[in-house]
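User: I would like to learn how to read a two-chain model one feature at a time. Please give the general idea where there is one, and then the case at hand.

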Amino acid sequence: MDKIIFTKFIINPKLFWFIFGLLGFLVLIGFASSHHMENEGHYVTGMTNQIVWGLPHIFAVLLIVISSGVLNIASLSSVFNKELYKPLAPLSSLLAIAFLIAGLAILVLDLGRPDRLIVAMTTYNFKSIFAWNIFLYTGFAVVLAGYIWTMLDHEVKKYSKPVGIFAFTWRIILTTGTGSIFGFLVAREAYATAILAPLFIVMSLLYGVVVYYLLLVIINKLHKTIIESEVIENLKKLTVMFLFANLYFLFLYHLTNMYISKHLEFEIFILLNGGVYTTAFWLGQVLIGIIFPLIFLLTNRMCSYFSLLISSLFILLGSFMSMFVIIIAGQAYPLTIFPDHTIVESSFYDNVIHSYAPSIYELGLGIGGIALALIIVLIGLANLKFLPKIIQSKNNNKNLKTSSVD
Amino acid sequence: MKNKHTISRRNFLVKSIAALSVIYVVPDIFSNASAVTKPPNIEVSSKTRWGMSIDVDKCVDGCTSCIDACADENGLYGFDRPETDSQWIRKLTLKDIKTEKITVLPMLCQHCENPPCCDVCPTGASFRRVDGIVMVNQHTCIGCRYCMLACPFKARSFVHENLTEQLTNSPRGKGCVESCNFCVNKIDNGSDSTACEEACMKEGHNAISFGDLNDPKSRVSIAISKKPNRRLRADLKLKQTVTYSGF
């Protein structure tokens, strides 16, 4: 039987420090952007009293959704007993914890009063899904830390499966909670539907797989290892499955909204005459995020490695556009305060489609967040043994997953 | 010979006590007589339920006295950035889709009995007092703006920049969310009126009637009894205590 051993990330030290320095610089830019926003006030951002959540929230929600999703690989190994993914599971949990911390950091640094984090951690309104999410997010970080421990330490390895099942359950609830942040907003046509929770779950499954694959490709290039074709084929199948699931739930979400007559005008706005928001939906969320990747993956014109690579890049771009549509377009459509009247005049922009132009500071915070996730991954990989190396047994070469080329 | 203008010690004491009584006691009696509200030293009670009725037939196009009074009362000065400046009360001009009738009305926090802003607030900084006032605790608001997303009436503003010279009766600060609080400081000091209502009355329009909904003699109760009122977005069943009549 093959033996899996785990190793640290071995790369050229110069290259390591270059990547570390670059990511560190971007993290600093993120903190500097946040500091400027907090010091001057949010008027320096593109966010207003109309669009109250902007680019930082797109980054933060996306990172949290990805965090839940990248745990797929570990779940497949621990919960669903897929031996194929066993060597890849610890990396999956490291990515999950890194993306979670980064998403939370952005969310906190965008608060009007980040200095009151202690208030958020000690004063709770349990009717608020946001308060529950604070528990779900911080709890998830603790569960993931425990999960990583059970996977890396041989003495507690026997607990890996129950902890894995617990983490799997936790993340499903967590993504339900994230989707419900929007789903529980009764006043806005774009939200106010429970279907956002399962939509967020399938989005997390999809984005998690592609982000895992993209990072695996990069890590393997730097670590001078190759990803076995069996893993690529399996990830490809998963991606296709999640793409169809995403398309289905997206279709169902819009169909539901079209069926509710008071939401119909919002649907017309998103699907037909919403300008940049309509373009973001059709071109970004649907074509780039779902249809093109499906074509790449199903036509078999490229080898699986490249078709999955290109699809993953498209899905990642589409994921960003999806969040833009969900978060920004949902707020851009004005509130229907008077269903039987049109608002002719308002000093508070009640009668117009709200526009949003993010500032450089919001972008800096978002990029800084991504860099924070990646630097945590880099530090984790360099200091702990997350990467698998498979020692082949003489009798059995079939179960080879990730093999070293050197 | 005895001086007629001298005053005995007894007379001096009696007259002094009488004068002090006039100075200290009478105003208290009158103020209590004019306001049905609680004295400042008594806790907020659910026996009072503050509410407002707005008669849009009386609201005058072009008049901004309620907005100006609110700004003066709460120190709401802008930075000439209308997208980010706070607005606790605003005027809207509406056109009926069927009849094309034009209506002008003030829009402010509707002080819902089931306020979505309070439901979603993670720290409970948005809260509803037992007397029906919905407000933000400026000490525990973390500035997440989730309440602004949840409010169906766009009644809340986020303070986007540094403030100076805030009024002591209206604590405000950068990074927190704020909205109309029915001039809570006035109410807690014994008044039964808001700045916007007073200004509207002063202009002679009387479009805004404020008071205790539990008191049938209050201005708001009388206004509601005279003319049918309706709640905005009644389909949401938020049971707002701000109601509108005349449209």
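User: Does Met107(B) count as buried or exposed, and why?

Analyst: One point before that: this is a predicted model. Burial is read here by counting neighbours, and the cut-off for buried is 20 or more other C-beta atoms within 10 Å. Met107(B) has 24 C-beta neighbours inside 10 Å, so it counts as buried. The residue belongs to strand β3 of chain B, which spans residues 102-108.

User: Which residues is Met107(B) in contact with, leaving aside neighbours within four places in sequence?

Analyst: They are Arg90(B), Leu92(B) and Phe153(B). For chain B as a whole, consider the contacts with a separation of 6 or more: 63% of them join residues 24 or more positions apart.

User: How much of chain B is buried, and what is its secondary structure?

Analyst: Chain B has 247 residues, and 43% of them count as buried. Its secondary structure comes to 7 helices and 10 strands.

User: How do I read a sheet, for example the one that contains β8 and β1 of chain B?

Analyst: Start with strand order, then the sense of each pairing. Here 4 strands of chain B form an open sheet in the order β8-β1-β10-β9, with mixed pairing. The edge strands are β8 (208-212) and β9 (229-230), each of which pairs on one side only. Strand β1(B), residues 50-55, pairs with β8(B) in the antiparallel sense over 5 bridges. With β10(B), β1(B) runs parallel, and 4 bridges join the two.

User: Why can β1(B) be called largely enclosed?

Analyst: Count the buried residues along the strand. In β1(B) 6 of the 6 residues are buried, so the strand is largely enclosed by the rest of the structure. Trp50(B), Met52(B) and Ile54(B) point one way, Gly51(B), Ser53(B) and Asp55(B) point the other way, and all are buried.

User: What should I look for in a nonpolar core?

Analyst: In soluble globular proteins, nonpolar side chains tend to be buried together. In this model the largest nonpolar core has 186 residues, and those touching the most other members are Leu63(A), Leu95(A), Phe99(A), Leu206(A) and Ala373(A). Helix α8 of chain A (residues 196-223) gives the largest share of this core, 18 residues. Apart from residues up to four places away in sequence, Ala373(A) touches Leu63(A), Ala98(A), Phe99(A) and Ala102(A).

User: How many residues of each chain take part in the contact between A and B?

Analyst: Chain B gives 44 residues and chain A gives 39. On the side of chain B, β2 (89-96), α3 (116-120), α4 (146-150) and β6 (157-158) each supply at least two residues. β2(B) gives the most, with 6 residues. By class, this side has 22 nonpolar, 11 polar and 11 charged residues.

User: Which strand of chain A pairs with β2(B), and in which sense?

Analyst: Strand β3(A), residues 341-346, pairs with β2(B) in the antiparallel sense over 5 bridges. One opposing pair is Ile343(A) and Leu94(B).

Definitions and conventions:
Residues numbered from 1 in each chain as written. Chains lettered and ligands numbered in written order. Predicted model: local features only at pLDDT ≥ 70, side-chain atom pairs only at ≥ 80, totals over all residues. Buried ≥ 20, exposed ≤ 12 C-beta atoms within 10 Å, placed from the backbone. Contact = placed C-beta atoms within 7 Å. Core = buried A, V, L, I, M, F, W, Y, C linked by C-beta atoms within 7 Å. Pairing = 2+ DSSP bridges. Nonpolar A, V, L, I, M, F, W, Y, C, P; charged D, E, K, R; others polar.
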